[in-house]
Amino acid sequence: SWIEAADAWKKMGAWVDAGRCYTKAGEHLQAAEALEKAEKYNYAAESYRLAGYPSKAARLWMMRGDPSKALTLYQQGGNPAGVGQCYAALGQWKDAASHYEKGEKWIEAARCWERVGEHQKAIDDYLKGGDAIGATWAKKRLEMKRGTSGKAAPAKAATPAKRQQRSSLG
C-alpha cells in the first residue's frame, strides 16, 4: 500500500518519496510533515491546506516570502495575529495593528501604531503587553511630536543679547 511504502521511505529518511506516497494515500498531514522536513515548502504548504491546517500552510508561505498567499490562509484559519503579520509584511500598518490587537499581540500592535504616528494607541498597547519601557519611549516620541505643552512647539525668536553674541562670534 502507499502508506507502507511511505513508512518505508520515512524510515530511510527519504522525505520527498515519503511525502509523495502519503499524498497518493490521501494522508495530507503526514505528507505535509514529510515534505516540510525535505524543505519542499510549497508542496508542504499545499498538503497542510488540504489536511485542514491553513495556519500551518500560511506559516510556510510566510517563510517563502509570500504574505499575500499566507493572508488568505490565516484568515481561513481564524488566526488574527497571523493576519496581522501578513499586513505588516505588506506595509499595511493600521490593518496589521488592529489584527495584532485582536490576537492580543500587544507589542507588535504598538510597533505598528508607531509606524503610522498613532503614539497614544502605541502607548496603550505597550502597557497592555506589559512593556513599560516601550510605553515610556512611545510617550517621549509623542511629547516630541507635540512639544511639552501638547501642541507643536513654536520656534524661539532670538533675543537682542543672543543676536549680539552671534554677531561677535562671526
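Predicted model: local features only at pLDDT ≥ 70, side-chain atom pairs only at ≥ 80, totals over all residues.
Gly134, Ala135, Ala138 and Leu142 are the buried residues of α11, where buried means under 20% relative accessible area and exposed over 50%, with partly exposed in between (1.4 Å probe, protein chains only). They sit on the same side of α11 because they cover an arc of only 95° around the axis, the arc being that of the directions from the helix axis to the C-beta atoms.

Numbering runs from 1 along each chain as its sequence is written, and side-chain values use heavy atoms, leaving out hydrogens and water.

So what covers the buried residues of α11? The cover includes α9 (106–115) and α10 (119–128); contact here means heavy atoms within 4.5 Å. Helices are DSSP runs (H or I, at least four residues), numbered from the N terminus.

Now follow tyrosine 126. Leaving aside residues up to four places away in sequence, it touches Ile107, Ala110, Arg111, Glu114, Asp131, Gly134, Ala135 and Ala138. Along with Ala70 and Tyr74, Tyr126 touches the most other members of the largest nonpolar core, which has 33 residues. Such a core is a set of buried Ala, Val, Leu, Ile, Met, Phe, Trp, Tyr and Cys residues joined through side-chain atoms within 4.5 Å. There's also a second, separate core of 6 residues, Ala6, Ala18, Ala31 and Ala34 among them.

Note on methods: Helix = DSSP H or I, 4+ residues; strand = E, 2+ residues; numbered from the N terminus.
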